[in-house]
Amino acid sequence: MSKKNKKKHEPHEEHNDESWLLPYSDLMTLLLALFIVLYGMSTLDAKKFEDFSQAFNAALTGGVSVLDQSTLNGTTKNTPTKEKDNQNTSTPVTQSMSQLQKRSELMKQEEQDLEKLKKQLDQYIKQSGLTSQLSTKLNQSQLLITISDNALFPSGSAAVKPEARVLAKALSGMLEKFPDYEILISGHTDNVPIDNEQFASNWDLSFGRARNFMEILLLNNKLNPKMFSPIGYGEYHPVADNSTEAGRAKNRRVEISIIRKYQDPSSQITITP
């Protein structure tokens, strides 16, 4: 029996499997692209986002991908569009920012307009010698004009005094400049009960006064009646102590509230102080 020479194999070095490096490098590249894109979006710069998108699409895919700006705009490269310069390239984020900026500008303009009206009212009150009977206050929800009841009505009555019509005409002329604003006319009384043939309660009296004074204002045909509302609060919204005559006199009043259209959401909105 012959013996075959056995070949001796030299021990060979084991080589590490480096096939994982390729998907790993691709993953790292994609993560880098993702973080750069997220950073670009966080700056709210549409132009920068578009530049990043085009650069990484070309580098990673060589074509269109989910980062394509045209996809974000609701179109594809195969979709016919109008002139390129007229395409809407705004994102929901930039649209929201634009809306907030526009609202801020409108709020600023409204503030200037109401401040101007308040100055006109204060000047009229001073020139007419009505500083003890009328006052104005501008807050976060409204421009409030407060009129003492004795400037408008006889005691216990809702009939507007003849001389109060001059005041109503002046006020209505100023309100012409604010045709789109909601205006509330509210009547207030003290807590002394009333019970006569005309009014069964302070609620009735306060509402009758608000309604009658509103009707005098609306004799100005340039005012829109649908923007006006009369309200009777009776004795339930006092601004002073009803235990004194001076306090009760302050509580008997009519208020004209010009409601802001653009209010600060963080402020507490109230119709009366």
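A salt bridge here is a side-chain nitrogen of Lys or Arg within 4 Å of a carboxyl oxygen of Asp or Glu. Arg253 and Glu255 meet that test, with their side chains at 2.8 Å, N to O. Arg253 is buried, and Glu255 is buried too. Buried stands for under 20% relative accessible area, exposed for over 50%, and partly exposed for what lies in between, with a 1.4 Å probe and protein chains only.

Two notes on the source come before the rest. The model is predicted: local features need pLDDT of at least 70, side-chain atom pairs count only at pLDDT 80 or more, and totals for chains, interfaces and linings use all residues. Residues are numbered from 1 along each chain as its sequence is written, and side-chain values use heavy atoms, with hydrogens and water left out.

Now the overall layout. The protein has seven helices and five strands. Helices (H or I, at least four residues) and strands (E, at least two) are DSSP runs, numbered from the N terminus. Along the sequence the pattern reads α-α-α-α-β-β-α-β-α-β-α-β. Of the 273 residues, 32% count as buried.

Back to the charges. Side chains of opposite charge can pair when their charged atoms come close. The structure holds nine salt bridges. One of them joins Arg260 to Glu110, with the closest N and O atoms 3.9 Å apart. Arg260 lies in the segment after strand 5 and Glu110 in helix 4 (residues 92–127), so this pair ties together parts that are 150 residues apart in sequence. Arg260 counts as buried at 8% relative accessibility. Glu110 counts as buried as well, at 2%.

Helix 7 holds a local pair. Arg248 bridges to Glu245, and their closest N and O atoms are 3.2 Å apart. Both residues lie in helix 7, three residues apart, about one turn of the helix. Is Arg248 buried or exposed? Arg248 is buried, because its relative accessibility is 18%. Glu245 is partly exposed, at 48%. Salt bridges that share partners join Asp149, Asp190, Arg209, Glu245, Arg248 and Arg252 into one network.

Next, the rings. A pair of aromatic rings is described by the distance of the centres and the angle of the planes. Rings of Phe, Tyr and Trp (its six-membered ring) pair if their centres lie within 6.5 Å; planes under 30 degrees apart count as stacked, over 60 as edge-to-face and the rest as tilted. A search of the whole structure finds two such pairs. Phe178 and Tyr181 form an edge-to-face pair, 5.4 Å centre to centre, with 75 degrees between the planes. Phe178 is buried, and so is Tyr181. The rings of Trp203 and Tyr236 have centres 5.1 Å apart and planes at 45 degrees, so this pair is tilted. The pair links distant parts of the chain. Trp203 sits in helix 6 (residues 202–217), and Tyr236 sits 33 residues away, in the loop between strand 4 (228–232) and helix 7. Tyr236 is exposed, with a relative accessible area of 53%.

Tyr181 also has a charge over its face. Lys261 lies there, at 4.8 Å from the ring centre. The test asks for NZ of Lys or CZ of Arg within 6 Å of the ring centre and within 35 degrees of the ring normal.

Leu167 is in helix 5 (residues 164–175), and at 5% relative accessibility Leu167 counts as buried. Leu167 and Tyr124 are 43 residues apart in sequence and 9.6 Å apart in space, C-alpha to C-alpha. Ile216 belongs to helix 6 and is buried, with a relative accessible area of 13%. The C-alpha atoms of Ile216 and Ser172 are separated by 8.9 Å, at 44 residues apart along the chain.

Finally, a pocket. On a 1 Å grid over the protein atoms alone, a pocket is an open set of points where a 1.4 Å probe fits, with protein on both sides within 12 Å along at least five of seven lines; lining residues have an atom within 4 Å of a point. The second largest pocket is lined by 17 residues, and Ser135, Thr146, Val239, Lys250 and Arg253 lie nearest its centre. Strand 2 gives the most to this lining, with four residues.
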